Amino acid sequence: MVNCVVRNWQGEEVGETTLELRVAKQENASHIVHRALTRQLNNARQGNACTKTRSEVRGGGRKPWRQKGTGRARAGSIRSPLWRGGGVIFGPKPRDFEVKMNKRERRLALRTAFYSRTEDLIVVEEFAEQFPRPKTKELLNAIARWGIEADTKVLLVLPEPQLNVYLSGRNVELMNVILATSLNVYDVLAADKIIVTSTALAKIQEIYGE
């Protein structure tokens, strides 16, 4: 269990909350998180790269020249892989890069990854009411008040869809806004700082806690 300071919209400390998640054992933690990360990255690959073999390239049905007597090397098709415009030898074909990992392992890896970032975790009070309309500058000012520098990669975790907050943060180059229900290993590990609202933190523990 870890105690986290809760900050308000002005950046002041207004209380504490706890983060308690069941995580992997220390000797297995890095392995299971690595497996979950590679699975996510592999499963995101489209796998639709495709090249044509000599049998698929159009043309080349006629022998370019006779077998003997021309002084040139023998050739049977202008679509040979040795020719410009010919087929490709052992080129990529559409394939599925999916890596399987059971649900309990995935959830354990996610809890372990999130719990490992507690030092970079900033818990704030709900601030959706501060955005009657989208305003990127207001969100950036709030992030600065919470002690985060401008060149920091930030993951903002919300408990539910909040359109104005999302619209305020989507144009910030180093910010990623996601829901607590969409938490994933890659985003958790890629961010330098994680901002989570107190409601979102409770939701994370409710959904992923076992």
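User: So what does Lys93 form a salt bridge with?

Analyst: Glu56. This is a predicted model, and in it the closest N and O atoms of the two are 2.7 Å apart. Both residues lie in the loop between H1 and H2, so the bridge ties together parts that are 37 residues apart in sequence.

User: How many salt bridges does a search of the whole structure find?

Analyst: Four. One of them joins the side chains of Arg35 and Glu105, at 2.9 Å from N to O. That pair links helix H1, where Arg35 sits, to Glu105 in helix H2, 70 residues apart.

User: And which residues are in a network of shared partners?

Analyst: Lys193 and Asp120 meet at 3.8 Å, N to O. Lys193 is in strand E6, and Asp120 is in the loop between H2 and strand E3. Salt bridges with shared partners join these two and Arg117 into one network.

User: Back to the helices. At what angle do the axes of H1 and H2 cross?

Analyst: Roughly 110°, and the axes come within 9 Å. That makes the two helices roughly perpendicular, and the crossing is left-handed.

User: Switching topic: which residues make the nonpolar surface patch?

Analyst: Ile78, Leu82 and Trp83, with about 310 Å². Leu82 lies in the loop between H1 and H2 and counts as exposed at 77% relative accessibility.

How values were computed:
Residues numbered from 1 in each chain as written. Predicted model: local features only at pLDDT ≥ 70, side-chain atom pairs only at ≥ 80, totals over all residues. Heavy atoms only, no water. Patch = residues over 30% accessible without salt bridge, like charges linked within 9 Å, V, L, I, M, F, W, Y side chains within 5 Å. Areas by Shrake-Rupley, 256 points an atom, 1.4 Å probe, with all protein chains shown as cover. Helix = DSSP H or I, 4+ residues; strand = E, 2+ residues; numbered from the N terminus. Buried < 20%, exposed > 50% of the residue type's maximum accessible area, 1.4 Å probe, protein only. Axes fitted to C-alpha atoms, helices over the stretch in contact; angles between N-to-C directions. Parallel < 35°, antiparallel > 145°, perpendicular 65-115°, else oblique. Left-handed = near helix turned anticlockwise from the far one by under 90°.
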